[in-house]
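Good morning, and thank you for joining.

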Amino acid sequence: MTEMPSTPEGRKMSITLRRSGEAPRHSAVDMTTTLGSLTVPDPVFTASGCAASGQELAPFNDLTAIGGVVTKSIQLTARAGRATPRMAETPSGMLNSIGLQGPGVDVFIKRDLAWLEEHGVRAVVSIAGSTIEDYGKLAGKLRGKPLAMVEVNISCPNVEDRGQVFACDASAAAAVVAAVRRGTASGVPVFAKLSPDVTDLVSIATACVDAGASGLTLINTTLGMVIDTKTMRPALAGVTGGLSGPAIRPLALRCVWQVHQALPDIPIVGVGGIRTGLDALQFILAGASAVQVGTVIFHDPGAPARVSRELREALAARGMDRLEQAIGLGHRPPDMMVPEAPEPLGAELSPAEPESYPGYPPGYESGYDTSYEDEAMRLTEDA
Ligand code: RRO
């Protein structure tokens, strides 16, 4: 057994790991994690906007076994969203400009939240508004309803003006969080979902926590665009959109790392380009207590359950019998030894790609447009 001392900042990091050769069985790894007052048996959630309210994913995942479903951000009233086209492929990612399409909170409660409750799925309800008052009213409507957590989306990049991205301003972000906290039952955690498109994320995160956020979801998509070189116009009708997928994983990971370093006792849910258990492990090591799986769902709808399984295997392979042992472990000093992975990073897990893609022609390989990378590779090889 290897005992871990505390970190230089004095934080306790005492974990007990098994020596190699004593690896626990995968099924023996305790995946329990705690997000404020909520304790869940598994750290993998779906990401808001990528799984509607969960119904479509039920054939591919046991939704009661994962941490929960984070529903598409809901507003007070129904909204059609932005004009089409609303999606564009990018290298290792995707651009969306949905514009908060949804049925409004009353229909959502009757139809979607009821379905999640009936099927025993933990519901994390994402809410979005145009004003602080909207958020307060949404919290009031959801009070007493069967939900595990509220995720306050203050970082949607596809709003009418940037002034509505509350997460870009510390005092605006704090005012929204305070309104939601006031309107939400005390036993229900309130997490604020933040944007990476700021100069000082830690100051925004701190303001949210001071205003009563139980934790933080890091990160929403980052603002981007694509120009169609055939039409020579922006590919999205809304011109700009939110970039997601593996393209933003290092950005998301950096955000989790910085905020965990500054606020080590605040639970973080990490999200951004997670496709495999090892991707998820990176976020846990950076300080996330849980993760969300989003864009990968569009080409592998069984990804949430698969990522959970792969993460459990990766922890077992590293001699850990509890997920909590790994949270923030990447922050330990370099001389604090732990058993290393049995193989070089990534080698012990099979690639995430499913063998075939239903609905795509035979031979179709990936939902991502990698032609830019292939071309870059050819140019490098030719040089
Ligand atoms: O609906 C959207 O366009 C959207 C939302 Br609410 C969000 O939070 N993030 C995003 O990339 N798109």
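This is a predicted model: local features need pLDDT of at least 70, side-chain atom pairs count only at pLDDT 80 or more; totals for chains, interfaces and linings use all residues.

Which residue in strand 16 is the bridge partner of Leu 95? The bridge partner is Leu 243. Residues are numbered from 1 along each chain as its sequence is written.

Let me place that pair in its surroundings. Helices (H or I, at least four residues) and strands (E, at least two) are DSSP runs numbered from the N terminus. Strand 8, residues 93–96, runs antiparallel to strand 16, residues 241–244, and three bridges join them. Met 94 also takes part, with Ser 244 as its bridge partner in strand 16. Towards strand 7 there are four bridges, again antiparallel, and here Met 94 is the bridge partner of Glu 89. Strands 7 and 8 form a hairpin with two residues between them, and Ser 92 in the turn has a positive phi of about 55°.

In general, side chains of a regular strand alternate between the two faces of the sheet. In strand 8, Gly 93 and Leu 95 point one way, Met 94 and Asn 96 the other, and all are buried; buried means that 20 or more other C-beta atoms, placed from the backbone, lie within 10 Å of the residue's own.

These strands belong to an open sheet of four, in the order 7-8-16-13, with antiparallel pairing; two strands pair if DSSP finds at least two bridges between them. Strand 7 (87–90) and strand 13 (222–224) are the edge strands, each pairing on one side only.

Strands 17 and 18 run parallel and are joined by three bridges; Val 269 has Ala 290 as its bridge partner in strand 18.

Helix 6 is my next subject. Why is helix 6 described as largely enclosed by the rest of the structure? Nine of its 10 residues, 277–286, are buried, so the helix is largely enclosed. The buried residues include Leu 278, Leu 281 and Phe 283. They pack against strand 5 (44–46), helix 5 (249–262), strand 17 (268–271), strand 18 (290–293) and helix 7 (303–317). Just after helix 6, Gly 287 takes a positive phi of about 130°.

I turn now to the core. The largest nonpolar core has 107 residues, and Val 150, Val 152 and Val 256 are among those with the most contacts inside it. Such a core is a set of buried Ala, Val, Leu, Ile, Met, Phe, Trp, Tyr and Cys residues joined through C-beta atoms within 7 Å. Helix 3, residues 170–183, supplies the largest share, seven residues.

Finally, the overall picture. The protein has eight helices and 18 strands, and buried residues make up 48% of its 383 residues.

Key. A residue is buried if 20 or more other C-beta atoms lie within 10 Å of its own, exposed if 12 or fewer, and partly exposed in between; C-beta atoms are placed from the backbone. Two residues are in contact if their C-beta atoms, placed from the backbone, lie within 7 Å.
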